[in-house]
Amino acid sequence: MSVLKGKKVLLGITGGIAAYKTAALVRLFVKAGANVKVVMTPAAKEFITPLTLSTLSKNEVFSSFTDEEDENEKWNNHVELGLWADFMLIAPATASTLSKMASGNSDNFLLATYLSAKCPVFFAPAMDLDMYKHPSTKNSFEKLQEFQNIMIPAGDGELASGLHGEGRMAEPEEIIQFLEHHFTENLPLKGKKILITAGPTYEAIDPVRFIGNHSSGKMGYEIAENAAKLGAEVILISGPTHLIIDDKDINLIRVTSTREMYEAAHSHFENIDVFIAAAAVADYKPKVVADQKIKKKDDSLTLELTKTEDILASLGCKKANQKLVGFALETNNEVENARKKLKKKNLDFIVLNSLNDKGAGFKSETNKISIIYPDKKKDFDLKSKKEVAEDILTEIIELLNA
Ligand code: CTP
């Protein structure tokens with residue numbers, strides 16, 4: 001899956017012959033799952049039509065402050081567009097536009113949008129070789145990089161003038177590769193290994209029966225998918241669930257019993273940075289597992305249960321530099337009980353789900369959590385489990401950077 005998936009891209013096209021390549025560029029963005037809005041200078045329209053770009057991007061194309069063809073003359077808001085984007089890419093970026101960007105000139109809609117954008121800005125220069133080499137162009141490159149804008153260097157090759165040299169806009173595929181590499185390298189969990197447990201565990205009574213619980217595994221799976229998106233290397237140890245993982249980069253280990261989950265977690269613990277125990281582990285298991293199906297005889301049946309291994313607590317004892325995160329589901333004295341677990345299991349923080357909160361819990365799509373540290377507590381609103389996973393990972397990133 002591309003890191004560009006779901007990203008909001010503002011593509012600024014200026015008036016150079018390489019503008020014809022932006023049709024392919026928009027296609028590649030859309031294919032990667034990005035949402036592209038195009039802003040063009042008036043000169044860019046000489047090289048490629050807004051209709052081509054709006055058809056490919058499935059979005060309106062902007063090129064002036066007012067909509068000339070619209071009788072009601074709608075005002076196009078450059079500030080809103082600038083704030084909407086996750087990043088802006090100016091490609092092709094002509095010498096003229098680059099010089100205006102460097103000097104703060106905003107005499108067209110694209111430049112006003114550029115000046116309003118708070119997001120990262122990339123620019124892919126395209127011009128003839130002598131223009132590319134000119135000290136004033138070099139000056140624009142330097143100035144823009146001082147502004148933290150990121151240059152996608154032009155390539156060497158045949159230019160529209162017929163000359164050979166530097167100045168050819170990077171090919172659309174190269175631009176996409178450059179952006180993917182940039183965003184992957186800068187992901188906040190890049191280089192981190194995260195181990196997650198999810199779902200219930202089943203404890204066998206006999207060959208056909210077991211003790212289990214209603215955990216869907218959704219919370220742990222959401223955390224795993226989100227952590228992978230943020231660049232982490234993820235190992236997900238899952239008890240029996242119906243969920244599937246689309247992301248091929250997640251190492252999914254399926255287990256059934258607590259013992260199997262315990263062994264899998266211990267075998268990976270040494271090499272990881274973070275352990276998140278999102279599984280609803282069975283606390284007890286039958287002392288003896290019958291090797292034949294237990295026949296119905298008396299009016300009642302007594303099973304003797306014994307405690308399962310506490311996976312999280314056992315890893316808390318082993319903890320070296322790893323960060324440990326647990327979950328607590330409480331019905332009374334919630335914060336006090338959660339803090340006791342935090343201490344007892346040697347955790348960095350614990351995520352408290354309260355059963356007293358409507359919409360929180362096992363089978364629901366939403367969750368309402370508090371994150372409890374030894375010395376502080378943060379309360380969150382009722383959110384989807386995906387958003388809760390994002391909140392938990394934001395806390396983990398803070399913890400790792402502290
Ligand atoms: N946990 C675990 N192994 C167990 C039991 C729990 O790893 N055998 C983890 C859970 O994944 C969760 C945390 O420990 O992150 C808290 O689990 P919980 O069942 O609420 O706590 P217990 O210590 O079992 O206490 P109690 O059931 O009495 O509330």
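**View 1. Gln148 is placed in the loop between helix H7 (135-146) and strand E6 (150-151).** Helices (H or I, at least four residues) and strands (E, at least two) are DSSP runs numbered from the N terminus. The model is predicted, with local features requiring pLDDT of at least 70 and side-chain atom pairs pLDDT 80 or more, whereas totals for chains, interfaces and linings use all residues. Residue numbers start from 1 along each chain as its sequence is written, and side-chain values use heavy atoms, without hydrogens and water. Although not a glycine, Gln148 has a positive phi of about 75 degrees. Most residues other than glycine have a negative phi, and most peptide bonds are trans.

**View 2. Asn333 occupies the loop between E17 and helix H12 (334-344).** Its phi is near 40 degrees, a positive value in a residue other than glycine.

**View 3. The peptide bond between Ala91 and Pro92 is cis.** Omega is about -5 degrees, and Pro92 belongs to strand E4 (residues 87-93).

**View 4. Backbone atoms of the protein make polar contacts (pairs of N or O atoms within 3.5 Å) with the ligand.** A backbone N or O atom of Glu309 is 2.9 Å from a ligand nitrogen atom. Ligand oxygen atoms lie 2.9 Å from a polar backbone atom of Leu312 and 2.8 Å from a backbone N or O atom of Phe327.

**View 5. Helix H11 (311-318) and strand E17 (323-330) each supply at least two residues of the shell around the ligand.** In total, 13 residues surround the ligand, each with a heavy atom within 4 Å of the molecule. Ala277, Ala279, Phe327, Lys341 and Lys345 are the closest.

Methods:
Polar contact = N/O pair within 3.5 Å; in protein donor to acceptor, adjacent residues only side chain to side chain.
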